[in-house]
Amino acid sequence: MARAGKGSLSSLLLLLAVVLAASTALASAEEANAPLVLPSARAASSSSTSCLDNPPDMTVTGAEAGQTAPDFHGVEAYLTGSRRAHRAIVLASDYYGFEAPKLRQIADQVAALGYYVVVPDLLHRDPFKDGFSFEEWIKTHSPADAAEKVQPLIAALTKEGKSVGFGGYCWGAKVAVELAKTDEIQAVVISHPSLVTVHDMKKIKCHIAVLGGEYDTRSPPQLVQQFQRVLEQNEAIDHMVKIFPRVPHGFACRYNSSDPFAVKTAEEAREDMASWFTKHLKHESESFQFQRAAGI
């Protein structure tokens with residue numbers, strides 16, 4: 001009897017060991033291969049409201065260095081900087097559109113660094129307005145359609161000999177990612193992205209920087225870290241992933257101007273974006289200038 005009990009105990013311990021090993025292996029496999037961790041549909045709907053926090057004050061007026069063109073290669077656009085610049089940056093807005101004062105201020109500041117900056121109206125003069133149903137509005141404002149709409153503009157800038165980068169905020173980040181899956185642009189920067197998935201990251205073809213916020217409920221740090229793990233597997237491109245501490249969604253272009261920390265963070269995000277484009281656009285434009293001088 002004692003011998004049988006000992007054998008049963010050994011079998012039980014062996015069975016527990018097998019179960020534990022299998023569970024550990026399964027957990028590791030799931031962590032390595034999990035394509036995406038997203039909130040439930042209800043949570044995702046709730047987090048979309050973070051995209052609408054602190055809307056821009058459209059009544060704010062100030063000096064703008066650029067001008068609005070009613071038809072710039074098929075779209076209305078805010079243009080700033082020298083048209084002779086060899087590097088161009090296209091900035092896609094969040095849900096509030098290309099007329100947001102802080103977005104245009106960012107464009108002017110980047111243009112002052114030697115870029116030609118284009119802020120197209122990809123929402124067709126129909127930005128989101130408070131009081132409307134966001135769920136209904138987003139159905140007719142597809143980032144994928146916007147990416148297709150802006151391609152002729154990018155092609156025109158490229159034909160002029162410019163190397164082109166694309167920056168996107170919130171909704172505009174999804175537009176940037178759609179374009180990053182093509183061969184149209186050399187580099188992208190996405191700030192507090194909305195609607196972007198890990199599956200999107202698997203298809204990126206150009207250098208990409210992801211700027212996230214610690215308190216962002218739309219693209220929380222856990223999701224941004226998943227972006228990083230996927231990008232680390234792509235040796236064909238350079239990438240940067242940065243999570244800014246103690247800031248919510250919208251920190252780069254829809255910050256509180258009366259909060260010194262928020263202002264400083266937004267400035268840092270803008271500087272990071274400009275540095276990324278300086279790093280990855282200068283070589284293409286310099287190569288173009290060399291080829292033109294050499295008659296190649």
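The following legends describe close-up views of a predicted model.

**View 1. Aromatic pairing of Tyr-95 and Phe-134.** The structure holds seven aromatic pairs. In the pair shown here, the ring centres of Tyr-95 and Phe-134 are 4.9 Å apart and the planes meet at 85°, so the arrangement is edge-to-face. Tyr-95 belongs to the loop between β3 (87–92) and α3 (101–111), whereas Phe-134 belongs to helix α4 (residues 134–139), so the pair ties together parts that are 39 residues apart in sequence. Tyr-95 is buried, with a relative accessibility of 0%. Phe-134 is buried as well, at a relative accessible area of 10%.

**View 2. The aromatic pair Phe-244 and Phe-251.** The rings of Phe-244 and Phe-251 form a tilted pair, with 5.1 Å from centre to centre and 40° between the planes. Both of these residues, Phe-244 and Phe-251, are buried.

**View 3. An aromatic cluster that includes Tyr-95 and Phe-134.** One cluster is formed by Tyr-95, Tyr-96, Phe-128, Phe-134 and Trp-137.

**View 4. Surroundings of Ser-194.** Ser-194 is located in the loop between β6 and α7. With a relative accessible area of 0%, Ser-194 is buried. Its side chain makes a polar contact of 2.9 Å with the side chain of Arg-218. Residues up to four places away in sequence aside, Ser-194 touches several others, among them Cys-51, Tyr-95, Cys-170, Trp-171 and His-249. Further residues touched by Ser-194 include Ala-173, Lys-174 and Ser-219.

**View 5. Backbone of Leu-195.** Most residues other than glycine have a negative phi. Leu-195 is not a glycine, yet its phi is positive, at about 75°. Leu-195 is placed in the loop between β6 (187–191) and α7 (198–201). A relative accessible area of 30% makes Leu-195 partly exposed, whereas Ser-194 is buried.

View 6. Arg-246 is found in the loop between β8 (239–244) and α9 (260–294). Although Arg-246 is not a glycine, its phi is positive, at about 60°. Arg-246 also lies over the face of Phe-261, at 4.3 Å from the ring centre.

**View 7. Arg-104 over the ring of Phe-98.** Here the charged end of Arg-104 sits over the ring of Phe-98. The distance from this charged end of Arg-104 to the centre of the Phe-98 ring is 4.9 Å.

Definitions and conventions
Residues numbered from 1 in each chain as written. Predicted model: local features only at pLDDT ≥ 70, side-chain atom pairs only at ≥ 80, totals over all residues. Heavy atoms only, no water. Helix = DSSP H or I, 4+ residues; strand = E, 2+ residues; numbered from the N terminus. Buried < 20%, exposed > 50% of the residue type's maximum accessible area, 1.4 Å probe, protein only. Phe/Tyr/Trp six-rings, centres within 6.5 Å; stacked < 30°, edge-to-face > 60°. Lys NZ or Arg CZ within 6 Å of the ring centre and 35° of its normal. Polar contact = N/O pair within 3.5 Å; in protein donor to acceptor, adjacent residues only side chain to side chain. Contact = heavy atoms within 4.5 Å.
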